[in-house]
Amino acid sequence: MIYIRTHAYNAEKTLRRAVDSILNQTYQDFAYYILDNGSTDRTGELIREYAQRDSRIVPYYNKVNHAHAENPDFWNLAKKIPEGDYFCILDADDCYEKTFLEDVLRFMEKNRLEIAACGTAFWDGDGPKSAILGKKVLWQSVIADTPEKMDAYFPMIHWNLRQVWGKLYTSKAAAARYETELPDWWPKAYGGDTINVMECVKAARRFGVYGKTLHNYTVSKKSVSHKWISGREGADVILHAKALEFLKVTCGRVSEQNLCFLYCVYFNAVKDTLMVLNNADMPVLGKLEILQRILSHAYTREMLAANTSYLGVGTAEKQTLLREILR
């Protein structure tokens, strides 16, 4: 059986699409856990409607958004998956192609994988009509089930390690997630999904990416990634450190190629952080203090000094970033 989890907050406009994409799967042996996460619109009503129609839907209702104490069984579902079963996550504004569960499960079983990801199509969520913006999909499937393969394929599959959706997890892999109890170092602004995926892969090791687009992601400028949240610059640092740790655990080393690749990832993360910071509604002095922290961090200095030009970050771009930081 596959245990699927969706938490929805004010998602009345998109929830039907998400839920229907699960109910219409070609693989039907699943239990679908859906939480109304303290919504003020018709989200809770829609969940009740679906639960009355289909006994596989297990509904939960929060009075307060992200109040984990209200429904701990929902939030800790990943840690309670029976051995031999699987875990999956779907956001309330996304959807899966109808063969997602069947195709990815077959891919996992054929290659004895603990976690498998698929390709994603990105759709415009801000326009009057939905339009596809692009896709992230490998031209062929990749199996990273040994240290050597993970070391070689890491830059190719890194994107698939960054988000929890578009994946199936075995019970062993799913149990490694952080859920309601978070460590003190946990990133406060963003990046928790990436850390959770890497923790699951570290625990289970056998990871693969299916070369087919089976997940649909809604892109919106209203998402938290476009808003300044206190501690965002620290999240960039934590993610870089955790990626280095991931490689040391799964590969036994951080190769020069993968180190340069991660500098490129860090470069782009800092660039995005600066763009969001520039548009943030805060005093100039506060922005300068954050810029100083970014500039003075060892990772920033290492990245600016690294020879990463062959991976797409040249000297001119790094100088431009440095000017932005110093501006």
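This is a predicted model: local features need pLDDT of at least 70, side-chain atom pairs count only at pLDDT 80 or more; totals for chains, interfaces and linings use all residues.
Student: How are helix α8 and helix α9 oriented, roughly parallel or roughly antiparallel?
Tutor: Helix α8 covers residues 232–251 and helix α9 covers residues 256–278, and they pack at an angle of about 165 degrees with their axes 10 Å apart. Angles over 145 degrees fall in one class. That makes α8, relative to α9, roughly antiparallel.

Student: How many residues of the contact of α8 with α9 are nonpolar?
Tutor: The α8 side of the contact includes V237, A243, L244 and L247, and the α9 side includes L259, L262, Y263 and Y266. Among the charged class are Asp and Glu, and the contact includes D236 of α8 and D272 of α9. The division is four charged, three polar and, for the nonpolar class, 11.

Student: What is the handedness of the crossing of α8 and α9?
Tutor: The axes of α8 and α9 are 10 Å apart, at an angle of about 165 degrees. The crossing of these two helices, α8 and α9, is right-handed.

Student: Which orientation do α9 and α10 have to each other, roughly parallel or roughly antiparallel?
Tutor: Helix α10 runs over residues 284–296, and α9 packs with it at an angle of about 170 degrees, the axes being 11 Å apart. An angle over 145 degrees decides the class. The two helices, α9 and α10, are therefore roughly antiparallel.

Student: Which residues of α10 make the contact with α9?
Tutor: The residues of this contact divide into six nonpolar, two polar and one charged. From α9 come V270, T273, L274, L277 and N278. From α10 come K287, I290, L291 and I294.

Student: Is I290 buried or exposed?
Tutor: I290 lies in helix α10, and it touches W228, E233, L277 and M282 when residues up to four places away in sequence are not counted. The cut-off is under 20% relative accessible area. At 7% relative accessibility, I290 counts as buried.

Student: How are α1 and α2 oriented, roughly parallel or roughly antiparallel?
Tutor: Helices α1 and α2 pack at an angle of about 20 degrees, with axes 11 Å apart, and the crossing of α1 past α2 is right-handed. Angles under 35 degrees form one class. The helices α1 and α2 are therefore roughly parallel.

Student: How many charged residues are in the contact of α1 with α2?
Tutor: α1 gives L15, R16, V19, D20 and L23 to the contact, and α2 gives T43, L46, I47, E49, Y50 and R53. Arg, Asp and Glu are among the types that count as charged. The division is six nonpolar, one polar and, for the charged class, four.

Student: Which residues of α1 are buried?
Tutor: Helix α1 spans residues 15–23. The cover over its buried residues includes β1, β2, α2, β3 and β5. The buried residues are L15, A18, V19, S21, I22 and L23.

Student: Which element gives the most residues to the largest nonpolar core?
Tutor: The core has 55 residues, of which M150, Y169 and F207 touch the most other members. The greatest contribution, nine residues, comes from α9.

Student: Is D151 buried or exposed?
Tutor: D151 lies in helix α5, residues 147–157. Leaving out residues up to four places away in sequence, D151 touches C251, R253, S255 and N258. At 12% relative accessibility, D151 counts as buried.

Student: What is the relative accessible area of N71?
Tutor: N71 sits in the loop between β3 and α3. Beyond four places in sequence, N71 touches L35, Y60, Y61 and N62. N71 is buried, and its relative accessible area is 13%.

Student: What is phi of R205, about how many degrees?
Tutor: R205 is in the loop between α7 and β10 and is partly exposed, with a relative accessible area of 37%. Most residues other than glycine have a negative phi. R205 is not a glycine, yet its phi is positive, about 75 degrees.

Definitions and conventions
Residues are numbered from 1 along each chain as its sequence is written. Side-chain values use heavy atoms; hydrogens and water are left out. Axes are lines fitted to C-alpha atoms, for helices over the stretch in contact, and angles run from 0 to 180 degrees between N-to-C directions. Helices (H or I, at least four residues) and strands (E, at least two) are DSSP runs, numbered from the N terminus. Angles under 35 degrees count as roughly parallel, over 145 as roughly antiparallel, 65 to 115 as roughly perpendicular and the rest as oblique. A crossing is left-handed if the near helix is turned anticlockwise from the far one by less than a right angle, and right-handed if clockwise. Contact means heavy atoms within 4.5 Å. A nonpolar core is a set of buried Ala, Val, Leu, Ile, Met, Phe, Trp, Tyr and Cys residues joined through side-chain atoms within 4.5 Å. Buried means under 20% relative accessible area, exposed over 50%, partly exposed in between (1.4 Å probe, protein chains only).
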